[in-house]
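Thanks for coming, everyone. Please look at the model on the screen while I talk.

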Amino acid sequence: MTTTNIISNIPLLPLRDMVVFPQMVVPLFVGRKRSIQALELAMLDNRMVFLCAQKKSIATEPKKDDIYTIGTCAEILQLLKLPDGTLKVLVEGLVRGRIIKYIDKESYYCVDVEPIVEEIIITPEIEAVNRDVLNRFQEYVRLSDGFPPEMIGIAEATEEPGRLADTIAAHINIKTNSKQELLETINVAHRLEKLSVLLNAELEILQIEKKLHVRIRKQVEKHQKQYYLNEKLRAIKKELGKDDDVGEEIAELKKQVKDAGLSPEALQRANKEIKRLQGMSPMMPETAVIKNHLDWLIHLPWSKTTNDNLGLKRASRILEENHYGLKKAKERIIEYLAVRKLNPELKGSILCFVGPPGTGKTSVAKSIATAMDRRFVRLSLGGVRDEAEIRGHRMTYVAAMPGRIIQSIRKAESKNPVFLLDEIDKMSVDFRGDPSAALLEVLDPEQNTTFSDHYLEVSFDLSGIMFITTANTLHNIPHALRDRMEMIEFPGYTEEEKLHIAKKFLVAKKIKEHGLTGEDLEFLDESLLYLIQRYTREPGVRNLEREIAKVCRKIARKVVEGKKGEKGKVVVTIESLPNYLGQPKFKHRDVEKNLTIGTATGLAWTENGGEVLTTETVTMPGKGELLLTGTLGEVMKESGKAALSYIRSRAAELSIDPEFYKKIDIHVHVPEGAIPKDGPSAGITMAISMISALTNTPVNHDIAMTGEITLRGRVLPVGGIKEKMLAAHRSGIKTVLLPQENENDLEDIPKDVKKSMGFKLVSSMDEVIRLALNGDIKVKSVT
């Protein structure tokens with residue numbers, strides 16, 4: 001290697017993903033302002049530029065460290081300005097060069113370059129490597145698609161080994177850093193060796209690609225050949241009067257379609273799919289999709305039904321044997337059967353069982369199916385958020401299937417099962433659609449005769465199905481869906497009802513499940529009642545069932561270990577319950593007998609039944625602020641504000657300083673702050689609590705209350721009366737104040753609860769104050 005004189009002030013052109021070798025003529029497209037300025041200055045001078053690759057192509061304004069030091073001195077042959085402002089320039093590489101100095105220029109890159117001139121001495125070693133490179137390049141051209149064959153002639157005509165290496169390196173498909181390494185390798189022998197290694201690696205890749213291409217082509221040719229031969233064989237067999245396996249399969253499908261009793265629309269669709277299947281090769285992927293679709297059409301119970309048993313006495317006996325109480329639900333079911341017996345064609349209403357968990361909604365649905373001799377299917381809607389869960393996916397999707405409605409009907413193998421849609425209030429909505437909107441068609445007797453599943457793409461008649469839905473609350477169900485259903489309430493059980501259920505159903509069931517007999521275990525009535533009161537607190541009986549099961553497990557262990565005792569039977573008493581279940585979980589929730597001033601007892605409704613809520617109020621010097629705490633919802637907070645406004649408007653009549661709201665702060669708190677609370681029914685309770693605190697008058701400890709308050713002191717009706725009364729009864733409350741307009745709701749309250757409690761119907765806050773406060777507060781009537 002030798003060097004010549006240094007070239008000073010030569011414009012620098014950084015290149016992205018590109019290396020230019022000496023003796024090569026290449027076109028460049030230049031768009032950077034600094035590079036355009038450098039080219040324009042070079043054209044005004046000697047047309048010389050220095051081309052050097054960037055180390056990182058992402059750099060838009062490369063610094064010194066971003067540019068390689070060795071590049072190529074080149075001459076501009078042609079320059080053309082394009083309409084978008086970029087330049088197209090044709091350059092010819094002249095000689096390698098090394099940057100020895102950067103010259104600061106604001107508008108363009110400029111460097112001093114030391115040219116590098118090769119000393120070429122042909123040796124046997126170089127000649128050998130040169131031939132090896134040439135042979136590998138010829139093989140490379142032969143294997144590469146789209147590579148011009150003329151390149152072989154150009155390479156063979158190149159006599160200088162160094163120029164041959166540069167020519168081949170400029171044209172083969174290798175990475176930029178590999179080309180830069182070849183450019184920086186000045187020794188010709190070493191450059192040829194490195195090029196030979198790179199060519200060898202590229203040849204291996206090309207050979208693998210060639211093998212893959214040949215293999216794929218053979219597979220395609222094989223499939224085409226198979227298809228041709230199958231079609232030819234089919235034609236030959238047809239001429240001979242024989243059929244093939246595919247023909248037998250088609251014939252079997254036609255027979256199944258004929259016997260399936262499809263509707264005219266479904267029959268037309270099935271025949272169309274079979275016709276498509278006949279014209280397809282068995283190897284085509286779409287045949288599996290068509291066969292799966294036909295399988296669903298064939299195996300749905302288009303005309304299969306079960307005969308209804310409409311005997312009212314039998315149905316009533318089955319419901320009474322399996323369920324205690326639930327008078328309204330049983331009456332409605334018997335009425336449905338009676339109407340069905342008189343008019344079998346009548347479209348039935350959709351029943352919705354609403355009530356707290358564990359009150360028997362699902363089990364009643366099963367009993368209905370048993371009483372009618374119908375198949376029973378259950379579909380849980382809890383957590384369903386995709387409309388396709390109801391209507392299915394279209395056939396265009398991979399692994400598409402019908403919706404869960406159609407799937408359940410196929411599983412029932414009957415067109416008229418009892419279909420339970422469980423937890424309908426637990427559905428949700430997201431970007432995939434609203435499943436409750438899809439249920440509007442399912443649960444509408446006027447529309448479900450032509451229910452269309454996206455996968456089937458034909459109508460299916462759902463009118464013969466008896467749909468029953470269950471929910472814990474109604475406010476989560478959209479109004480349009482709620483309007484299509486008839487609500488049947490399943491209220492919580494009283495303690496006496498739970499005792500009867502435990503004696504008649506739960507104890508016997510759990511004794512049998514645990515392998516015991518009546519000779520091994522006996523529950524006394526008082527022990528069951530104590531278990532209900534002190535170990536469970538729920539509107540239903542699920543936890544009660546779990547506690548009884550826990551006792552049975554303890555006894556089963558004693559039986560196996562031979563520790564039953566001398567009498568042979570274990571009798572569970574109140575005294576022995578803690579040995580099996582531990583200490584009681586709940587204290588008997590009698591209302592405090594010594595209620596302090598500012599404390600009132602209210603009643604609330606929750607998803608789990610009724611609850612007793614104590615409301616506390618304290619006053620303190622301040623600026624008239626009202627503070628409401630206890631995780632209260634917006635409606636409940638508004639009730640507190642309405643109560644305070646009522647008190648301010650009646651301050652004089654209530655013997656309260658009319659300016660009290662300027663001097664004191666009022667803090668109203670509803671304990672059990674971790675539990676969210678909302679609703680308007682605590683309005684009169686909050687008002688009595690505030691009046692008690694402001695007048696220093698205690699509240700009658702035997703009274704609980706519920707009702708919404710208005711600014712004029714009227715008491716408006718509220719919901720959940722039965723559940724609230726049961727909660728009051730469990731807590732030992734003797735008297736409950738109720739809105740006058742809730743009088744009709746008292747008919748639903750069990751007789752034993754009515755006997756042990758008194759009910760005062762009120763229409764104004766004046767009546768509430770006279771009954772609830774133990775002081776002599778005289779107030780005028782509200783006009």
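First, the ground rules. This is a predicted model, where local features need pLDDT of at least 70, side-chain atom pairs count only at pLDDT 80 or more, and totals for chains, interfaces and linings use all residues. Residues are numbered from 1 along each chain as its sequence is written, and side-chain values use heavy atoms, with hydrogens and water left out.

Helices are DSSP runs of H or I with at least four residues, strands are E runs with at least two, and both are numbered from the N terminus.

Let's start with helix pairs. Two packed helices are described by the angle between their axes and the distance between the axes. Here the axes are lines fitted to C-alpha atoms, for helices over the stretch in contact, and angles run from 0 to 180 degrees between N-to-C directions.

Take H2, residues 124–143, and H3, residues 150–157. They pack at about 170°, with axes 9 Å apart. That makes H2 roughly antiparallel to H3. The cut-offs: under 35 degrees is roughly parallel, over 145 roughly antiparallel, 65 to 115 roughly perpendicular, and the rest oblique. Who makes the contact? On H2, Leu 134, Phe 137, Gln 138 and Val 141; on H3, Met 151, Ile 152, Ala 155 and Glu 156. Contact means heavy atoms within 4.5 Å. By class, that contact has six nonpolar residues, one polar and one charged. Nonpolar covers Ala, Val, Leu, Ile, Met, Phe, Trp, Tyr, Cys and Pro; charged covers Asp, Glu, Lys and Arg; the others, Gly among them, are polar.

Next pair: H23, residues 683–695, with H26, residues 765–772. The angle is about 55°, and the axes are 11 Å apart. These two are therefore oblique to each other. From H23 come Ile 684, Ala 687, Ile 688 and Ile 691, which meet Met 765, Val 768, Ile 769 and Ala 772 of H26. The H23 contact with H26 has eight nonpolar residues, no polar and no charged.

Now burial. Buried means under 20% relative accessible area, exposed over 50%, and partly exposed in between, with a 1.4 Å probe and protein chains only.

In H10, residues 312–322, the residues Ala 315, Ile 318 and Leu 319 are buried. They span an arc of only 95° around the axis, so they sit on the same side of H10. That arc is taken from the directions from the helix axis to the C-beta atoms. What covers them? H11, 327–342, and H12, 361–372, are included in the cover.

Stay with H11. Arg 332 lies in this helix. At 16% relative accessibility, Arg 332 counts as buried. Leaving out residues up to four places away in sequence, Arg 332 touches Ser 349, Leu 351, Glu 486 and Ile 488.

Just after H24, Gly 732 takes a positive phi of about 80°.

That brings us to phi. Most residues other than glycine have a negative phi. Asp 17 has a positive one, near 50°. Asp 17 lies in the loop between S2, 7–15, and S3, 25–30. At 54% relative accessibility, Asp 17 counts as exposed. Gln 23 is in the loop between S2 and S3, with a positive phi of about 70°. At 35%, Gln 23 counts as partly exposed.

That's my tour. Thank you.
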